Amino acid sequence: MFTRLTVFTRLLLFLLLLMPVSVGFIGVIFPSFGYFPALDRHDFSFDIFKKLFAVDGLGRMVWLSLFTGIGSTLLATLCTFLLLAACYKSSFLNKVQAMLSPLLVLPHAATAIALLFVLSPSGLFARLIGSITSTTIPSANAAFFPYDDWGISVLCALVLKEVPFILLMALSVMAQPSNVRKLAGYQRVGVSLGYNEKSTFFKLMLPSIYAQIRLPILAVLVFATSNVEIPLILAANNPGTLSTAILHWFNHVDLSMRLLGSAASILQVFVCVFAILFFITIERGVALWGRNRLHAGKRNFFERSIAFLGTSVLAVYAVLIAMVVYVVVMYSFATYWPFPHLLPQGFTLLHWQTALSAIDEPFWNAVALAFATSTSSVVFVLLTLESEVLAPAKQKVARLFSLSLFLPLLVPGVAFLYGLVWFQQLLSTHALGFHTYIAHMVYVVPYVYLSLAVSYRRFEPRYAYVAQSLGKSPFQVFWHIKLPMLTNAVCVSWALGMAISFSQYLPTLLASGGAIPTVTTEAVASVSGSSERLTAVYAILQGVMPFMGFVIAWTLPAMIRFARTRKRNRFSQKVMRYGP
Amino acid sequence: MLSRTLLLFICVVLCCVSVHAAQPSNQNASPQKKANESDMPAQHVRFHAWGGSAQVNGYIRWLSEQLKQRHNITLQHVKLADTSDAVARVLAEKAAGNVEEGSVDLIWINGENFATMKKHGLLAAKWVGQLPNFALTNPDDNPAMTMDFGEATMGMEAPWGRASMVFYMRQSHLQKLQVNAPTNIQQLLSFSQQAPGRFTYPAPNDYLGASFLKYALLSLNPKQHTLFYQPVTPQALDDTLPSLWQFLDALHPNMWREGRTVVRQASQLQRLVGTGELSLAFTFTAAEIPSAVERFDLPTDIRTYAMDDGSLANVHFIGLTFNSPNRQAAIKVVNFMLSAEAQAEKQKISVWGDDTVLDMRMLTGKQQRLFKEPALHPSALDKTLPISLLAEPHASWTDALRNAWYERYGARY
């Protein structure tokens, strides 16, 4: 019975992922070959692609997408490992996680805006310098950041956003009971063989950790290559990345430009595929190099530089986050704030009042949507993962399934959402809430799956074997053994799902036709406006909301554990009261 | 305990999922059901309008409160970051064969979005004439009320407000840099040469960017104005563009970030003036400047003025979609928007400050008094000074100009 339920869920999830994306994808493929009845285009041809490849600067756009995508992912992965190597042994690591969490939960658009607040020619950093040199007029022409021609600003913002995510993935892998033991074992072996701390991490522990977080890293890579918000806010526009061009064409007043946008979306898919292949090649190269180093048997591995770099990564983050928090909070309360003063002339609640007077409905909409999507995603994903254990699918089917997971991350949102909205309109014009829920699920499920699958697949199966051999049913094993041991991972995935749902702008706007405003749709609308101060308020709101999700995720496992312990040790409650 | 907690958790989840799946359809069906059942129907009108300005949003909130009281109509402001999102949605609905149950009722548009919607038949026609208050705009004497960028409105959209392009500057910056505020197009060039990096204009895909190009083109070719009010021809472009290119070639290297990148949206101009990265900018909504100063978004040394060689002027409109299910209520809404009371509220500097489209000669003395403004804000445009207005060129010029710009200076995505 339970087994059948899990298999059914797997099928459901498969359809849930495949249907919207493939329908949306069809909505892109047809127009890209010139078929678009709404605009009276009925003939198939390659003309649109010819037009696309004749676009001025297309090569540069593709190059920028690849450079910022691959570059940022490589750099972020490296930074994460340096960070981990530098402090995996200390209890400091948990504090690092908490420290980075503001950036983990801040939506991409808000991150880019926060960076502008700090690093733009009139930002906090320029104010610091300006107050030393007593400049009163900030000059944009002398500045490098943002809008540089090379995409470095975009790359930096992406790195900033990716490191916390990869770190979270790595930590959740390292925190699994089976891994904790294994990694501790590696460490002991390393130390007893005379490897020092850092080389033990890089040579013995990392290969095992990396294998488990590889999938999320590839998802990050795809996302970074096709991200729209960050290049839109930080890239020079002569031209920008391919994704911003796609958005531009889809939003163009001349609706026939949609055809070009559709063709460019197809190109974007190929760009992403190329990025993955390139990344895998690098991965192979590094693995080969690493194996040689391992055979060489040196016990030392850039000990000093790793410690230094790891700490510097941390220091950069600490400084940036402190500056972001300071400047955003200040702006949200500021009256006039002339350059280069470090403090506003006065404080006011006006901006908060303006924003909060209109936030009630969007707030509850966002919470309801996020709770429904994230919670149901976690349930679906858990059952699906269980079905892989209880009733493994044929290899081909399994492969198809993991491909369907990546589809929503591979096809740029603007493109396939348009096709999806068209299809949803055909089905029903009333079920806006349901349409929006589906559009969110398409994005939430893959992330929940990726973050949960890792822990789930590495679950020590011998626990289950023991329980089964003692006569427990599959459901009992799932319920009493697996879930309790995976509470941490489940909660983190749930919070991640909430955060992903909170940050969705285009899916919400397109699928609901604007009838379901959320904090993010309000925030993006305010960003397109002219008030620096209102934007700051919205950036804070956008950060606080997903943060609440993570607070729940961090405290819930402890509470559940506490409740469980109390149940088991009712008699020892007195001890607990005086304990730590 | 644990299993019970988790069981509860799962139950909540499943309830949520099913409720969530069931709820929206009920929610959406209910207003219409009610409409058939009771005599005084609670009607719902969805107004898709750019939501980036606190003043405009506040005014639309006022509108919906008034409409709720007077006509029991709920006006929902769907805030857009980009109006073309809504245009795209209506198009998607048309593509899907949805001709009665559209999700957009009213839409705030003008110029190109209107031309697009008109071309694809996305707007209801001939409803504007039914509005009792439309007569107050005196359309017979004011052709601007029925022409949108040289394109006849054919009763598809009703005028809502009026705007002209004015400049604003940071007085303290100009004093420190020892330059005077430019008052015509040639002075603008010399200003940028004396104070490099202090001025820029948005990319031409933004309406304000395109407007700047039109202003420059009109001002640089004062003798050829008749050409601009006819559909564009290659000959007309050959005659007028060289002077524009000469001007822009000289301007760009002295702009913000040496013209290598330009802002994407008009609103970013105001933001950059606010932070001090720019000292001179321009806008179509002069009244937003003093209210932005009041809200601390712009500093107090801002001064607004109009160029001597003319200000580009245009009207913005409200369109009704072809598939709006709430047509009658929507028409009531627009009629109220055109009432003297609503227009006077909109023109207040403290509210929005958008110029009225009503013709004062058509109003009663009592109605006219609604439009009286108290003392002038130091940062506001002095409307007692004469402004020479430049009418918008024919709509076909916008695309021609934009494409020519892209061809010369490269596309900006």
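# Notebook: chains A and B

I began at helix α4 of chain B, which is mostly covered, with eight of its nine residues buried. The model is a predicted one. I listed the buried residues of α4(B) as B:G111, B:E112, B:N113, B:F114, B:A115, B:T116, B:M117 and B:K118. I then read the backbone just past the end of α4(B), where B:G121 has a positive phi of about 65°.

I looked up the division of chain B. Domain 1 covers 41–162 + 315–369, and domain 2 covers 166–314 + 386–409. The C-alpha centres of these two domains of chain B are 28 Å apart. The contact takes 17 residues from domain 1 of chain B and 15 residues from domain 2 of chain B. On the domain 1 side of this contact in chain B, α2 and α4 are the elements that give two or more residues. I noted that α4(B) provides the largest share of that side, three residues. By class I recorded six nonpolar, eight polar and three charged residues on the side of domain 1 of chain B that touches domain 2 of chain B.

**Strand β1 of chain B**

Next I checked strand β1 (residues 43–50) of chain B. Eight of its eight residues are buried, so β1(B) is largely enclosed by the rest of the structure. I followed its pairing to strand β2 (residues 73–80) of chain B, and found the two parallel over eight bridges.

Which residues does B:F47 face in β2(B) and β3(B)? In β2(B), I found B:H77 as its bridge partner. In β3(B), B:F47 stands opposite B:L106.

**Strands β7 and β8 of chain B**

I moved on to strand β8 (residues 280–283) of chain B. B:L280 and B:F282 point one way from β8(B), B:A281 and B:T283 point the other way, and all are buried. Strand β7 (residues 166–170) of chain B pairs with β8(B) in the antiparallel sense over four bridges. I took one bridge from this pair: B:V166 has B:T283 as its partner in β8(B).

**Chain B as a whole**

I counted 15 helices and 11 strands in chain B. Chain B has 413 residues, and 51% of them count as buried. For contacts in chain B between residues at least 6 apart in sequence, I noted that 79% join residues at least 24 apart.

**Contact between chains B and A**

I looked up the contact between the chains, which takes 76 residues from chain B and 75 residues from chain A. The classes on the side of chain B that touches chain A are 28 nonpolar, 29 polar and 19 charged.

**Domains of chain A**

I turned to chain A, where domain 1 is 1–54 + 350–565 and domain 2 is 59–348. Their centres, taken over C-alpha atoms, are separated by 22 Å. I recorded 50 residues from domain 1 of chain A and 51 residues from domain 2 of chain A in the contact. On the domain 1 side of this contact in chain A, helix α24 (residues 532–568) gives the largest share, 12 residues. That side of domain 1 of chain A divides into 34 nonpolar, 11 polar and five charged residues.

**Nonpolar core**

Last, I checked the largest nonpolar core, which has 287 residues. Which residues have the most contacts inside it? I listed A:A114, A:I166, A:V445 and B:V333. I took A:I166 from this list and left aside its neighbours within four places in sequence. Its remaining contacts are A:A76, A:T77, A:T80, A:I213, A:I217 and A:V220.

Notes. Residues numbered from 1 in each chain as written. Chains lettered and ligands numbered in written order. Predicted model: local features only at pLDDT ≥ 70, side-chain atom pairs only at ≥ 80, totals over all residues. Core = buried A, V, L, I, M, F, W, Y, C linked by C-beta atoms within 7 Å. Buried ≥ 20, exposed ≤ 12 C-beta atoms within 10 Å, placed from the backbone. Contact = placed C-beta atoms within 7 Å. Domains from an automatic or database assignment. Nonpolar A, V, L, I, M, F, W, Y, C, P; charged D, E, K, R; others polar. Pairing = 2+ DSSP bridges.
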